[in-house]
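Q: Please take me through this structure one feature at a time. For each, I would like the general idea and then the case at hand.

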Amino acid sequence: MTYKNISTADQVFERLENDIIQGIYPKGEILTELKLVKKLGVSRTPIREALLRLEQEHLIEDTGKGSRVLGITVEDLIDIMTIREYVEGVAAYYATLNMTPEGLAELSNLVELQEFYFEKRDAQHLRQIDDQFHDSICLLSRRAVLIDTLLPLHRKTRRYRLLSIENWDRAAQTKREHFEIFQAIQQGDATLAGELSNRHITNAKKHMKDILQY
């Protein structure tokens with residue numbers, strides 16, 4: 001793995017964050033600067049910066065002999081989904097108010113791709129489309145605080161969302177709920193888009209709790 005631009009620390013952070021969330025580095029594993037330098041092929045400085053950010057995100061903790069992976073616990077997941085229950089709808093509300101033709105075309109394309117991958121029973125791509133759908137609505141809200149709040153939370157639930165989408169009844173429900181949210185946005189009904197988004201996250205949270213038997 002080679003990084004070629006000036007944002008090496010950001011790229012290292014994103015790589016390590018994703019690997020921790022996906023369970024590539026399991027809970028309890030010790031990460032050291034030397035180990036990561038050898039694995040990622042970068043200097044200690046960006047590694048150190050990335051580890052500091054991961055510690056601030058509560059994904060790792062310093063032990064004095066390295067950084068212990070904490071990962072995302074089930075309790076973390078429930079807290080994240082509870083926050084999303086309240087905030088996701090606000091993003092959809094403002095995305096509707098600030099919608100552009102380009103933004104609407106982007107969401108329409110994602111809805112069509114979701115249908116395509118659902119028919120192919122491709123859970124991995126469905127999860128990616130799910131990521132993009134929620135991220136796009138968040139970005140289209142054009143509200144900096146909402147974007148800074150929601151995008152990190154979206155990333156932290158990736159692994160669990162794949163588990164959810166692998167249940168085809170839930171995948172079908174997700175597909176339908178996404179389409180209803182898109183329709184509300186398309187029709188310019190910001191209040192309905194917000195309500196449907198919040199309901200969608202409530203349903204997702206309930207299903208995650210069921211599969212994890214929380």
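Q: How should I read the accessibility of Gln 186: buried, exposed or partly exposed?
A: The classes rest on relative accessible area, where buried means under 20%, exposed means over 50% and partly exposed lies in between, with a 1.4 Å probe and protein chains only. Gln 186 has a relative accessible area of 47%, so it is partly exposed. Its place is in helix α9, which covers residues 168-186, a helix here being a DSSP run of H or I of at least four residues, a strand a run of E of at least two, and both being numbered from the N terminus. The C-alpha atom of Gln 186 is separated by 7.6 Å from that of Thr 96, although the two residues are 90 apart along the chain.

Q: What should I keep in mind about the origin of these values?
A: The model is predicted, and local features therefore need pLDDT of at least 70, side-chain atom pairs count only at pLDDT 80 or more, and totals for chains, interfaces and linings use all residues. Residues are numbered from 1 along each chain as its sequence is written, and side-chain values use heavy atoms, with hydrogens and water left out.

Q: In what order do the helices and strands of the chain follow each other?
A: The chain has 10 helices and three strands, and along the sequence they follow the pattern α-β-α-α-β-β-α-α-α-α-α-α-α.

Q: Why does the radius of gyration of the chain agree with that of a compact globule?
A: The radius is taken over C-alpha atoms, and the globule rule is 2.2 Å times the number of residues to the power 0.38. For 214 residues a compact globule would have a radius near 17 Å, and the chain agrees because its own value is 18 Å. Along the principal axes, the C-alpha atoms fill a box of roughly 55 × 40 × 30 Å. Of the 214 residues, 45% are buried. Where contact means heavy atoms within 4.5 Å, residues 24 or more positions apart account for 73% of the contacts with a separation of 6 or more.

Q: How far apart are the mean positions of the positive and negative charges of the chain?
A: Lys and Arg count as positive and Asp and Glu as negative, while His and the chain ends are not counted; each charge is placed at NZ of Lys, CZ of Arg, CG of Asp or CD of Glu. On that basis, the mean positions of the 29 positive and 33 negative charges are 5 Å apart.

Q: Which residues does His 154 touch, beyond those up to four places away in sequence?
A: His 154 lies in helix α7, residues 144-156, and is buried, with a relative accessible area of 3%. The residues that His 154 touches are Arg 84, Glu 88, His 134, Asp 135, Cys 138 and Arg 161. With Glu 88 there is also a polar contact between side chains, at 2.9 Å; such a contact is a pair of N or O atoms within 3.5 Å, where within protein one must be able to donate a hydrogen and the other to accept it, and residues adjacent in sequence count only if both atoms are side-chain atoms.

Q: Which elements do the buried residues of α8 pack against?
A: In helix α8, residues 158-165, the buried residues are Tyr 160, Arg 161, Leu 162, Ser 164 and Ile 165. The buried residues of α8 pack against α4 (74-97), α6 (123-140), α7, α9 and α10 (190-212). Met 208 illustrates the view from α10, where it is placed. Met 208 counts as buried because its relative accessibility is 2%, and, leaving aside neighbours within four places in sequence, Met 208 is in contact with Leu 77, Met 81, Tyr 160 and Arg 161.
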